[in-house]
Amino acid sequence: QARKLFNYNIVLIGFMGAGKSTISDFLKNVFAMDVVEMDQIIAQRQGMSISDIFETYGEQYFRDLETNLLIEMQSRSNVVISCGGGTPMRECNVVEMKKNGRVVLLTAKPETILDRVKDNHDRPLIENNKTVPFIADLMEKRRAKYEAAADIIIETDGKNELEICEELVHRL
Ligand code: S3P
């Protein structure tokens, strides 16, 4: 069993396509940290895709599942928690995130985001609006909440995974 690097959790937040999952994978491979991919665990436990959860039960139900998962993770440490893009939109989720450890916001320009999300079809909030203006608008509406939740903000445009992780580890 590898020694635990951190006695707290690292919570990654940011817009869809900001790089949360990619950076989580990298931290898992390089530092042998456990990763909790919130969307993936929620989909797995519900036995349906994120799109189907939204369609069947609605967004609020999905947000409740996110809150519960953040509370559940507080009993663990050295875990990278990769949040859904909308997780910090709920004030109580931000409170539960902070109890987990350090909150890291990954940012990218709308053009970069569009490029990263264009081939994925399980993001119900943008599936029918994959354009730069729509993404820019939603991002702008969310910006203040993302920034208020974050302990550390990392811009990802034009950086590779290694550069982003180096910056993250330096600033933790
Ligand atoms: C959402 C982002 C998605 C997923 C759901 C809602 C959002 O996560 O949780 O589609 O509100 O921004 P990703 O950021 O992993 O795409």
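Cys 165 counts as buried, since its relative accessibility is 4%. In this predicted model, the cysteine sulfur closest to that of Cys 165 belongs to Cys 83 and lies 16 Å away, too far for a bond. Cys 92, in turn, has a relative accessible area of 37% and is therefore partly exposed. For the sulfur of Cys 92, the closest cysteine sulfur is again found in Cys 83, at 12 Å, which is likewise too far for a bond. The structure as a whole holds zero disulfides.

The packing of two helices was examined next. Two packed helices are described by the angle between their axes and the distance between the axes. Helix α2 spans residues 38-46 and helix α4 spans residues 59-72; their axes come within 10 Å and cross at roughly 110 degrees. The two helices are therefore roughly perpendicular to each other, and the crossing by which α2 passes α4 is right-handed. On the α2 side, the contact is formed by Met 38, Asp 39, Ile 41, Ile 42, Arg 45 and Gln 46, which meet Tyr 61, Phe 62, Leu 65, Glu 66, Leu 69, Leu 70 and Glu 72 of α4. Classified by residue type, this contact of α2 with α4 comprises eight nonpolar, one polar and four charged residues.

Among the residues of this contact is Glu 66, which is found in helix α4. Its relative accessibility is 0%, so Glu 66 counts as buried. When residues up to four places away in sequence are not counted, Glu 66 touches Met 38 and Ile 42, together with Gly 84, Gly 86, Thr 87 and Asn 93. Of these partners, Met 38 and Ile 42 are residues of α2 that take part in the contact with α4.

With a relative accessibility of 23%, Thr 107 counts as partly exposed. Apart from neighbours within four places in sequence, Thr 107 is in contact with Ile 153, Ile 154, Glu 155, Thr 156 and Asp 157. Thr 107 and Ala 148 are separated by 41 residues in sequence, and their C-alpha atoms lie 14 Å apart in space.

Technical notes
Residues numbered from 1 in each chain as written. Predicted model: local features only at pLDDT ≥ 70, side-chain atom pairs only at ≥ 80, totals over all residues. Heavy atoms only, no water. Axes fitted to C-alpha atoms, helices over the stretch in contact; angles between N-to-C directions. Helix = DSSP H or I, 4+ residues; strand = E, 2+ residues; numbered from the N terminus. Parallel < 35°, antiparallel > 145°, perpendicular 65-115°, else oblique. Left-handed = near helix turned anticlockwise from the far one by under 90°. Contact = heavy atoms within 4.5 Å. Nonpolar A, V, L, I, M, F, W, Y, C, P; charged D, E, K, R; others polar. Buried < 20%, exposed > 50% of the residue type's maximum accessible area, 1.4 Å probe, protein only. Disulfide = S-S within 2.5 Å.
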